[in-house]
Amino acid sequence: MDKYDAVIVGAGPAGIFAALTLTKANFGSILMVEQGRSIQDRRKSRRPDILTGWGGGGAFSDGKLTLSPEVGGFLGELLSPAEMSRVLQMADETWLEFGAPRDLINGSPDQIEDLKTRARMAGMLFVPSPVRHIGTDNCHKLLAAIQAHLAPRCEIRTETRAVDLIMKNGELWGVSLSDGQEVQAGCLVCAPGRVGNDWMRHQAERLNLDTRPNPVDIGVRVEVPAAVMAQVTDTFYESKLIHYSSTFDDKIRTFCMNPYGEVVVEKNETLITVNGHSYSKARSDNTNFALLVSATFTEPFDDPIAYGRSITRLANLLSGGAMVQRFGDLMAGRRTTKARLERCLTRPTLPEAAPGDLAYVLPYRILKDIMEMMEALDRLTPGLADRHTLLYGVEVKFYSHRVELSPRLETSIPGLYIIGDGAGITRGLIQASASGIIAGEAILASAKG
């Protein structure tokens with residue numbers, strides 16, 4: 001039996017930054033376990049590697065550090081504005097230490113005010129978000145540098161899955177692993193990421209931790225010629241735009257904007273969804289971004305993750321994976337065929353996506369919300385709602401049930417911390433990283449106490 005002062009489950013941004021915080025203070029023995037491969041062994045062509053392995057979903061992501069407390073999660077609900085600002089700055093400085101670009105993409109105050117005004121006239125809200133863009137091609141190098149830094153300072157076991165958290169005599173004891181070992185832990189940090197939402201929910205139920213469901217975000221990925229969005233993306237890169245539909249008063253938002261990028265697929269267990277990437281050097285002719293609608297349920301149904309999975313399965317059933325449709329075909333009530341797609345002026349960057357009809361996949365309410373958002377965006381950037389604009393489906397963001405946590409991100413079980421997207425409190429690189437810092441600092445404070 002092995003015993004460690006701290007065990008970290010998951011080597012995504014949250015788990016990595018918890019380890020960085022602890023090792024920087026020369027904390028005692030630390031074990032990191034990660035169900036996927038090391039960063040050197042991960043391959044973009046292997047679908048399981050897209051979301052699991054050293055670096056988590058961030059390894060092949062667009063690598064955007066969105067430095068706004070209003071974007072990327074719910075940490076602001078647990079922390080004061082001053083504390084939130086402090087941990088975001090610490091996370092940003094750490095990324096910079098390992099090679100993130102120092103140039104911020106933000107726009108001038110006059111440009112921000114101008115876009116706010118134009119967005120408002122189009123029926124939307126613009127949320128300014130300073131962005132540090134690492135780029136998909138640079139994420140791998142940066143995360144490899146962090147792994148090399150941590151390797152001599154803590155034990156790292158990849159391709160090792162955490163099975164169950166273990167309690168003994170009413171106290172946290174440790175964790176059982178897929179290799180048959182039981183590891184004792186002085187404290188335990190769970191950072192399973194979005195792919196671990198089912199595992200985290202199961203553990204919370206076993207340990208009688210209070211949780212509440214987060215909404216699930218469901219929508220499409222839009223792809224247009226880059227010139228259509230250039231007046232916005234060349235200045236701001238990541239534009240957070242929010243619209244409330246006139247039909248249902250639902251909130252629709254843009255997410256993960258990728259100027260001159262490409263649409264990609266993600267595989268979460270047996271489910272295939274779409275996402276977007278962009279690189280620091282290579283450029284396509286198109287820009288892509290997601291349009292997402294949040295679905296929240298109360299009673300008698302309170303499982304938004306199951307709802308999102310069912311829509312994803314339907315899309316996969318009809319298309320064999322990812323689906324693409326011309327916006328003009330959707331508005332005309334007809335399916336996009338291979339022949340129609342070949343005539344499309346916007347050339348798809350995801351050629352394996354099957355032409356289809358999103359109206360057979362998305363519920364009417366969500367589809368109507370997306371159509372209204374497209375009209376609002378067209379008023380801001382004319383040409384976006386062109387019939388040759390491409391819509392890929394489906395894009396679904398699964399967020400874990402949110403575990404009730406203290407501002408230190410500690411559960412009601414002393415010594416058990418849950419952080420990152422797996423805790424249901426973050427939704428992006430920078431807040432996930434910040435959550436790792438918070439948990440690391442809390443462990444250090446407890447050790448001193």
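This note covers three residues, Glu372, Leu317 and Ala185, in a predicted model.

1. Basis. Residues are numbered from 1 along each chain as its sequence is written, and side-chain values use heavy atoms, with hydrogens and water left out. As the model is predicted, local features need pLDDT of at least 70 and side-chain atom pairs count only at pLDDT 80 or more, while totals for chains, interfaces and linings use all residues.

2. Glu372, setting. Glu372 sits in helix H11, residues 364-380 (helices are DSSP runs of H or I, at least four residues; strands are runs of E, at least two; both are numbered from the N terminus). Glu372 is buried and lacks a salt bridge. Buried means under 20% relative accessible area, exposed over 50%, partly exposed in between (1.4 Å probe, protein chains only). A salt bridge needs a side-chain nitrogen of Lys or Arg within 4 Å of a carboxyl oxygen of Asp or Glu. Lys368 is the nearest side chain of opposite charge, 4.2 Å away (Lys and Arg count as positive, Asp and Glu as negative; His and the chain ends are not counted).

3. Glu372, partners. Its side chain reaches the backbone nitrogen of Ser246 at 2.7 Å. The side chains of Glu372 and Thr247 are 2.4 Å apart. Beyond four places in sequence, Glu372 also touches residues including His243 and Ser245 (contact: heavy atoms within 4.5 Å).

4. Leu317. Leu317 belongs to helix H8, residues 304-319. Leu317 counts as exposed because its relative accessible area is 69%.

5. Ala185. Ala185 lies in strand S9, residues 182-190. Ala185 counts as buried because its relative accessibility is 7%. Asp2 is 183 residues away in sequence, yet 8.7 Å from Ala185, C-alpha to C-alpha.

Conventions. A polar contact is a pair of N or O atoms within 3.5 Å; within protein, one must be able to donate a hydrogen and the other to accept it, and residues adjacent in sequence count only if both atoms are side-chain atoms.
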